[in-house]
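Please work through the following exercises on strand pairing. Each task is followed by a solution in steps.

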Amino acid sequence: MLLSIGLLFIGLIGYGIYWAFFDVNRLPTGDLIEQSTFPNGKYTINAYVPSGGATTDFAVRAELVFNKNSKKKKNIYWNYREENAYIVWIDDDTVRINGHVLRLPNEKYDFRSD
């Protein structure tokens with residue numbers, strides 16, 4: 001019983017740390033700097049630069065918008081020390097953002113997990 005409570009407590013602490021520091025869905029919004037829609041209209045990628053403020057550098061955040069269904073937008077890209085977003089569509093489900101290739105809709109890039 002005590003072991004179960006201890007494991008539950010450790011699990012809750014672990015999830016709390018992930019949620020507070022690593023969940024890409026909690027990233028700041030920022031100013032829109034680039035928008036790119038795939039030619040068939042399936043996806044749009046919006047790229048933003050949140051203000052770094054006085055204590056941190058700039059970063060680029062990109063979100064995937066599903067144009068043909070009502071799925072919720074999702075963050076797919078987060079990289080530190082960047083101010084521009086260069087978005088190139090490779091094929092129907094592959095995009096390159098600032099040199100990082102992502103297979104959509106499931107892959108994402110987060111500099112914190114490199």
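**Exercise 1.** Determine how many residues lie between S5 and S6 in their hairpin.

*Solution.* In this predicted model, strand S5 covers residues 87-91 and strand S6 covers residues 94-97. The hairpin that S5 and S6 form has two residues between the strands. The two strands run antiparallel and are joined by four bridges. Within this pairing, isoleucine 87 faces isoleucine 97 of S6.

**Exercise 2.** Describe how S6 pairs with strand S7, and identify the residue in the turn that has a positive phi.

*Solution.* Strand S7 comprises residues 100-103, and its pairing with S6 is antiparallel, over four bridges. Isoleucine 97, which stands opposite isoleucine 87 in the pairing of Exercise 1, here stands opposite histidine 100 in S7. S6 and S7 also form a hairpin, with two residues between them. In its turn, asparagine 98 has a positive phi of about 50°.

**Exercise 3.** State the strand order of the open sheet and explain why one side of S1 and of S8 is left without a neighbour.

*Solution.* The open sheet consists of five strands in the order S1-S2-S3-S4-S8, with mixed pairing. Strand S1 (31-37) and strand S8 (109-110) stand at the edges; each has a single partner strand, so one side of each has no neighbour in the sheet.

Terms used. Residues are numbered from 1 along each chain as its sequence is written. This is a predicted model: local features need pLDDT of at least 70, side-chain atom pairs count only at pLDDT 80 or more; totals for chains, interfaces and linings use all residues. Side-chain values use heavy atoms; hydrogens and water are left out. Two strands pair if DSSP finds at least two bridges between them.
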